[in-house]
Amino acid sequence: MPSFELNGRTYETDEDGYLINLADWNQDVAKYLAEGESVDMTESHWEVVNFLREYYEEYKIAPMIRILTKAIGKKLGKEKGNTKYLYDLYPGGPAKQACKIAGLPKPTGCV
Amino acid sequence: MADVNYEIPEIQDEIETPRLKEGASAHLGPYPAQEKHMAPLGFPAARVEDWQSKGVEKLGELLKKYRSLQVYLDICVKCGACADKCHYYLGTRDPHNMPVQRAELMRGVYRRYFTPAGKLLPGVVRAHDFDEETLKKWVTYFHQCSQCRRCSVFCPYGIDTAEISMAAREIMDSIGVGHKYTTEIVGKVHTIGNNLGIPQPALKGTLEFLEEDMLDTSGHEIRLPLDQPGAEVLLVAPSADFFSEPHIQSLMGYAKVFHQAGISFTISSYASEAANFGMFIGSFDQKRKIAARIAKQARELGVKRLVVGECGHAWRVAYSFWNTLAGPWDFLDPNYPVPQHICEFTYDLYKKGALVFDRDANDDKVVTFHDSCNVARATRMGDRPGGQMMIPRELIRATCNRFVEMDPDTIGEKTFCCGGGGGLLTDELMELRVKGAMPRVTALKRVMEDKEVNFLGLICAICKAQFSKILPIYGIPMETVGGVHQLVSNAIQLGAKRGIV
């Protein structure tokens, strides 16, 4: 099983570096995962990550992008409630890259 | 985005047959399935000790079960007609991706254990053991076939390489050598009801969100009912339609059609998946179990009709196999096709005058259509031969003013796979997917440059996901990709003359 070490702890991941255990996640882990994705975490990045975690907590799946953009738009203003804004933050795709940093499992299917 | 450490094919004016490069894609293999993926499907958790004899035994079993497989292994005369027809060969240059060479990986084993000459003089008839090296090649190259069946169109004997690759995957699963992506997804259908693993509360929330969204944008109360007993139609869509862009645009298109026609329908959370990856792994048993969920729900909800959403291989399974897998469907209304494709459904309503389209609504688009491999080569729509090609095009023409065809050698039954079909739509195979998309991208770029095409109409969830990801790598915007029912959604006149006339 692939893993990485951080602050003296070992974290298990899947082959693509997604955390195996949701509960392992903390802000340091998120920063570490973001670094691996060349994403510099700003306040705006955290907004997305926090929303993803809250949604997952309730529904056990990541939200579809449209739900995410609407939530971001509500919170940060309409001009930010769109897919482009999300891709600017997470060029690797909000569904996959942001999920990874948020410690969520990788969405798989026909996506 | 991760750095690309491979060469992206340069797009030429025409699709060119490349020079061979031995082993060019030998490094591209799928992630292996683990115990947690294999065990729930009844496959050995890990590679079994006597895998060689067990694998050969399984091949023998399949030869008896599927006479077609034996014919395909016996009959090839190495004429070479298929050699340059596979998108993965054209994109990777690896000779093992020539369909004849891919099949030869199984034929060599077949000759070794099942033909007198191969048993006695293996070297003379190019027979080889089912050994470590062969198994490695099987894992690699039978996961570089998207089972699109383009090669079979050109084979004078009609050899179906997809069936060979399905058999190979079935044999590998039976000895505990599985592919993570496909087995994990089949498992999710059994436990949650769909490929993506969307639980009922999340699905409910998503559909309600979309209803609200449609109310905001259209001013009409368009429903996306879930688990509604007594509905006329059970709509079975690929679960990507509940999650991804541009998929959900088509889902909203379907909903608007039902709304406008005044036909009640429901989505089912238990059977919230049209896709059937049982086909990709060649497992009749898994295919049957997945199909059975739909039959069970159709009966329990008391629906009269089954309509299948935009999902290519799902339509193959539904149209060609559902009868055997989960029939009889004698409880459904015989006045309608059982099952019915959403394009058939919408087109039929349009012909009857129940729907009005405003083509101008899509005037920002010049549209072309990519035939999905499974739909084009393994199914039918409507009551005429070629209906599966004709009906989606008629729908596009009904909803758009400008429609353009791509190179005739790349459409209809000669269509190229998007590069992500057959259970290969997974990130570890990204290089293969990028390279395999080359033929389609070549034809698309041609019409984008010559005819100002800016929209690629699709009727498959895999095609939509694959092209959304791959086209930007070739410098084509992601927004180029969309569903046929996305066009319907834009053009449909709500409230114009509601109900069936």
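A residue is counted as buried if 20 or more other C-beta atoms lie within 10 Å of its own. By this criterion, 55% of the 501 residues of chain B are buried. In chain A, 33% of the 111 residues count as buried. The model described here is predicted, with an ipTM of 0.95 and a pTM of 0.97. For chain B the mean pLDDT is 97, and 98% of the residues of this chain reach 70 or more.

Chain A contains five helices and two strands. Along the sequence these elements follow the pattern β-β-α-α-α-α-α. The radius of gyration of chain A is 14 Å, close to the 13 Å given by the globule rule for 111 residues, so chain A is as compact as a globular protein of that length. Taken along the principal axes, the C-alpha atoms of chain A fill a box of roughly 40 × 30 × 20 Å. Of the contacts in chain A between residues at least 6 apart in sequence, 46% join residues at least 24 apart.

The two strands of chain A form a hairpin with two residues between the strands. Strand 1 (residues 3-6) and strand 2 (residues 9-12) of chain A run antiparallel and are joined by four bridges. Within this pairing, A:Phe4 of chain A stands opposite A:Tyr11 in strand 2.

Chain B contains 21 helices and seven strands. A compact globule of 501 residues would have a radius of gyration near 23 Å, and the value for chain B, 23 Å, agrees with this. The C-alpha trace of chain B spans about 75 × 50 × 45 Å along its principal axes. Among contacts in chain B with a separation of 6 or more, 80% are between residues 24 or more positions apart.

Four strands of chain B form an open sheet in the order 2-1-3-4, with parallel pairing. Strand 2 (265-266) and strand 4 (340-341) of chain B are the edge strands, each pairing on one side only. Strand 3 (residues 305-308) of chain B pairs with strand 4 of chain B in the parallel sense over two bridges. B:Val307 stands opposite B:Gln340, a residue of strand 4 of chain B.

Chain B is divided into domain 1 (35-178) and domain 2 (187-491). The C-alpha centres of these two domains of chain B lie 30 Å apart. Their contact takes 22 residues from domain 1 of chain B and 23 residues from domain 2 of chain B. On the side of domain 1 of chain B that touches domain 2 of chain B, helix 4 (87-92), helix 8 (150-154) and helix 9 (161-174) of chain B each supply at least two residues. By class, this side of domain 1 of chain B has nine nonpolar, eight polar and five charged residues.

Helix 20 (residues 461-470) of chain B is largely enclosed by the rest of the structure, because 10 of its 10 residues are buried. Among these buried residues are B:Ala461, B:Ile462, B:Cys463 and B:Phe467, as well as B:Lys464 and B:Lys469. The cover over the buried residues of helix 20 of chain B includes helix 12 (247-261), helix 14 (312-326) and helix 18 (430-436) of chain B. Strand 6 (455-458) and strand 7 (481-483) of chain B are also included in this cover.

B:Gly123 lies in the loop between helix 6 (116-120) and helix 7 (132-141) of chain B. From B:Gly123 to B:Thr206 the C-alpha to C-alpha distance is 60 Å, while the two residues are 83 residues apart in sequence.

The contact between the chains takes 17 residues from chain A and 30 residues from chain B. Helix 3 (residues 65-76) of chain A provides three residues, the largest share of the side of chain A that touches chain B. This side of chain A has, by class, nine nonpolar, four polar and four charged residues.

Conventions
Residues are numbered from 1 along each chain as its sequence is written. Chains are lettered from A and ligands numbered from 1 in the order in which they are written. This is a predicted model: local features need pLDDT of at least 70, side-chain atom pairs count only at pLDDT 80 or more; totals for chains, interfaces and linings use all residues. Two residues are in contact if their C-beta atoms, placed from the backbone, lie within 7 Å. Ala, Val, Leu, Ile, Met, Phe, Trp, Tyr, Cys and Pro count as nonpolar, Asp, Glu, Lys and Arg as charged, and the others, Gly among them, as polar. pLDDT is the predictor's confidence in each residue, from 0 to 100. A residue is buried if 20 or more other C-beta atoms lie within 10 Å of its own, exposed if 12 or fewer, and partly exposed in between; C-beta atoms are placed from the backbone. Domain bounds come from an automatic or database domain assignment. Two strands pair if DSSP finds at least two bridges between them. The radius of gyration is taken over C-alpha atoms; the globule rule is 2.2 Å times the number of residues to the power 0.38.
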